[in-house]
Amino acid sequence: EFSVHTSGSTGTPKEIVLKREFMKVSARATNDFFQNKRGSTALLCLSPSTIGGKMMIVRALEAGMKLIVVEASSNPLERINEKIDFAAMVPMQVQTTLINSPEKFRLINTTIIGGAVVSNELQRLLLSSSANFYQTFGMTETISHIALKQLSPTQASFYSCLPGVTVSALSGSLVVHYPALGIEKLETNDLVEVIDTTHFKWLGRSDFAINSGGIKIHPEQIEERLSESINVPFFSFGVPDKLLGERHILAVESTDAIQLSKALLSTLLTTYEVP
């Protein structure tokens, strides 16, 4: 068993124990999804102290893959010159490589991206690549990801669950069912639109949602839509309001004066979403 701390996706961060057998189950599900098998080559470019790094080692052991190990850096493919079937990276590693040496991804058949949100800028870079990229979705309680969304060469609008995983929604929040990991009903703070028991769209986080006069506003969706028009750091959030309960605020960080007209915002947001 391994003791790790949760990230807080399903509540206050806490220490949990991961069973080796469950790690093997999760690894097999990913290997089945991507058809990783003996003779395949995998790349470890994440620190083994993280769940992502640990799981790459377990996947290689379970499938009998050859595991190539490189230093965990922002540009992990810098010295890679051989074909690789499967790799896992964080967004920063993918973006740095696509900017500095995009041709390196021709050597990799499939790359999964996890650990952080994929920005619109990175998504644009991914669509200019012909390589296979997938975004992962999961939490520490599920050991690794439980669903994947293709980002390139075509972009899917929903996540597909791994074999053995089904989902449902409770008051709009995602509930994960993964019996092979002993998970019968894991309630999360992720707001979703469930398409069916194995496919869903991620809408945002319930603990970030702004309730303004009964209207639910999701900062993640606001920021995604405005990122095309605001090229400086900004974020969307709610502040207490006597009339509305919460008022939607947009904070923009810039040393220069910038013009954000209500007319522009109204073309990108709904009436109730305009800050």
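**Entry 1: Ile113**

I looked up Ile113 and found that it counts as buried, at 0% relative accessibility. Buried means under 20% relative accessible area, exposed means over 50%, and partly exposed lies in between, with a 1.4 Å probe and protein chains only. I noted before going on that this is a predicted model, in which local features need pLDDT of at least 70, side-chain atom pairs count only at pLDDT 80 or more, and totals for chains, interfaces and linings use all residues. Residues are numbered from 1 along each chain as its sequence is written, and side-chain values use heavy atoms, with hydrogens and water left out.

Where is Ile113 placed? I found Ile113 in strand β6. Helices (H or I, at least four residues) and strands (E, at least two) are DSSP runs, numbered from the N terminus.

Next I listed the contacts of Ile113. Contact means heavy atoms within 4.5 Å. Leaving out residues up to four places away in sequence, Ile113 touches Met89, Val90, Pro91, Val94, Val118, Leu126, Phe133, Tyr134, Gln135, Thr136 and Leu151. I also checked Asn36. Ile113 and Asn36 are 77 residues apart in sequence, and their C-alpha atoms are 17 Å apart in space.

**Entry 2: Phe105**

I went on to Phe105, in the loop between α3 and β6. Is Phe105 buried or exposed? I read a relative accessible area of 2%, so Phe105 is buried. Residues up to four places away in sequence aside, Phe105 touches Leu77, Met89, Val94, Thr97, Leu98, Thr111, Ala131 and Phe133. Thr154 is 49 residues from Phe105 along the chain, and I found 16 Å between their C-alpha atoms.

**Entry 3: helix α3**

How many of the 10 residues of helix α3 are buried? I counted seven in this helix (residues 91-100), so α3 is largely enclosed by the rest of the structure. The buried ones are Pro91, Gln93, Val94, Gln95, Thr96, Thr97 and Leu98. Then I looked for the cover. What covers these buried residues of α3 includes β5 (84-89), β6 (108-113), α4 (120-127) and β7 (132-138).

I cross-checked with the earlier entries. Val94 of α3 is buried.

**Entry 4: helix α4**

In α4 I found Asn120, Leu122, Gln123 and Leu126 buried. Seen down the axis of α4, these buried residues fall within an arc of 155°, so they line one face of the helix. The arc is that of the directions from the helix axis to the C-beta atoms. I wrote down a rule here: an α-helix has 3.6 residues a turn, so residues three or four places apart point the same way.

What do the buried residues of α4 pack against? I listed α3, β6, β7, β8 (145-152) and α5 (219-226).

**Entry 5: loops and backbone**

I found Ser40 in the loop between α1 (20-34) and β3 (41-44). Ser40 is buried, with a relative accessible area of 7%. Not counting residues up to four places away in sequence, Ser40 touches Gln35, Met65, Lys66 and Asp85.

Gln35 is in the loop between α1 and β3. Gln35 is exposed, at 62% relative accessible area. I noted that phi of Gln35 is near 55°, a positive value in a residue other than glycine.

Ser171 has a positive phi of about 55°, although it is not a glycine. I placed Ser171 in the loop between β10 (166-170) and β11 (173-178). Ser171 counts as exposed, at 76% relative accessibility.

Which residues does a cis peptide bond join? I found Ser152 and Pro153, with omega about 10°. Pro153 lies in the loop between β8 and β9 (159-161).

**Entry 6: the protein chain**

I counted six helices and 17 strands in the protein chain. Of its 275 residues, 44% count as buried. Along the principal axes, the C-alpha trace spans about 60 × 45 × 30 Å.

I then compared the radius of gyration. A compact globule with 275 residues would have a value near 19 Å, and the protein chain has 20 Å, which agrees. The radius is taken over C-alpha atoms, and the globule rule is 2.2 Å times the number of residues to the power 0.38.
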